[in-house]
Amino acid sequence: MAEVHRLDPMSRVPGNTTVYGAWERFVRGEDDVRGVRPEVAISWHRCRDQYRVDPGLTKAPIAVADVDHTLEHDVVFAELGFRAASVAHEVSNGGGVVTVADATGRILAEWGDPATREIAAEANLSTWFCWSEQATGTNGMGTALESHAPVVVRGAEHWCQAFHDWTCAGVAIRDVVTREPIAVLNISCWRSEPPTSAGAWLSNAATRTQRTLVQRAKDGSVELIAAFHHARSRSGVALAALDPAGRVVIADDTAGVLLGVPSSTPATDPAVRWNPRLPEVIKAARYAVKQASRDPDWVGTTQVHTHLSDEPSSVSIRPVFLSGHLVGNLLFFGVADGEQLPRAESGTNHRGRPDRIVAMRENRMVLLRLSEVSFAESEGNDVWLSTDQGRLRAASGSLDKLEAEQGDAGFLRVHRRYVVNVGRVREVERRCKGELLLVMDTDADAMVPVSRRNAPAVRRALDI
């Protein structure tokens, strides 16, 4: 989970004036964001150009009624509610309100100062209303759902002018396997700052809640590995077990070669699982999760291309459950049982994968062509891009997200801290103990290390 963040004091003069001036220019269509924090500027960009939220909105819209979530999500909501209620008195004494919302930004519960809650109700900052960025613009809850770190949104940093008198601090709780948001915890104050302890409390509450999800994921992987061994004893085909995100938990020798991952090495910890180097497998596994969640008896089949043959290979996908909870899929190579998965149209840009990568340079956003990015490096909560325009901070704070969005475009995870553009690898250096270093196509011939577990995938991608 993200580290504890201290909430910096609000700068009303001249900082708030500077932010308000930038907000005025930005909503008019200019891209001058001087004086605006990068995470807020990126949020504004989404609100204006992607979500097209009206900055003149005065109330949050009503939340949609059709929301699909699992029992694990209900457990998270209950635990967050308990933690929020436990600090409600302290927050109330500071004139604030604390809210719990789901992954769609729908507020589920609210506690806090009665007078502030009355003011909040005028803007629909209350249960049943939606505070996602897509619905209400930049705000503590919605922006936290888009971020992988705690966020603070002050005054004119809010996208809608009607909310400029608020300061909000939020943190999202994410599924430890898929990294998708489950819920968000938020503190909002009217014309004042949240308590000084708010940042530490939010981070601590999220960390404690997420421990339950980590243990659940480990229990699920144990069940998945047991199902793998049971199936392997009864079948002679290549076999692998994948988690709901499509990452490999365990694979036999043949499947390990086909997928480009270590073989016979179980990965119970969701933080250290392997991404298969067959994009079709990841897509098929994620599609299977959606189908199996609706029909536990669902079985599917599709074809994937491997480096061992010019012809595609058939694979069959079977879901694995633990106490009614889907924990992953078994992948059988050379088997064509079950419903045929839909084929993606070739030559089309898959929805959700942007053609450009957004970065920040001081007071403006930079829209980079994929070919301009050599590699990405993770530093704490930030991702830095080595580009033809210099070293720039990426809008996304997650290498996982960058890899997921651009994996089909030739971006490959080579190390826990690095994702590289395979087309920008100039040389491969082998060290005396077998370690690999990638010499990248940059002015400084930057060198990127390759971890042992990622080495097979790198050799396959570079055909070495």
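Asp382 is partly exposed in this predicted model, its relative accessible area being 24%. Its partner in a salt bridge is Arg393, and the closest N and O atoms of the two are 3.2 Å apart.

The side chains of Arg37 and Glu157 form a salt bridge, with an N to O distance of 2.7 Å. Here distant parts of the chain are linked, the two residues being 120 residues apart. Arg37 sits in the loop between α1 (12–27) and α2 (38–50), while Glu157 sits in the loop between β3 (151–154) and β4 (166–174). Which of these side chains counts as buried? Glu157 does, at 7% relative accessibility. Arg37, by contrast, is partly exposed, with a relative accessible area of 26%.

A further pair deserves mention. Glu110 and Arg117 meet through their side chains in a salt bridge, at 3.8 Å from N to O. Glu110 is buried, with a relative accessible area of 11%, whereas Arg117 is partly exposed, at 35%.

Finally, how many salt bridges does the structure hold? The total is 28, and the pairs I have described, Asp382 with Arg393, Arg37 with Glu157 and Glu110 with Arg117, are among them.

Methods
Residues numbered from 1 in each chain as written. Predicted model: local features only at pLDDT ≥ 70, side-chain atom pairs only at ≥ 80, totals over all residues. Heavy atoms only, no water. Salt bridge = Lys/Arg side-chain N within 4 Å of Asp/Glu carboxyl O. Helix = DSSP H or I, 4+ residues; strand = E, 2+ residues; numbered from the N terminus. Buried < 20%, exposed > 50% of the residue type's maximum accessible area, 1.4 Å probe, protein only.
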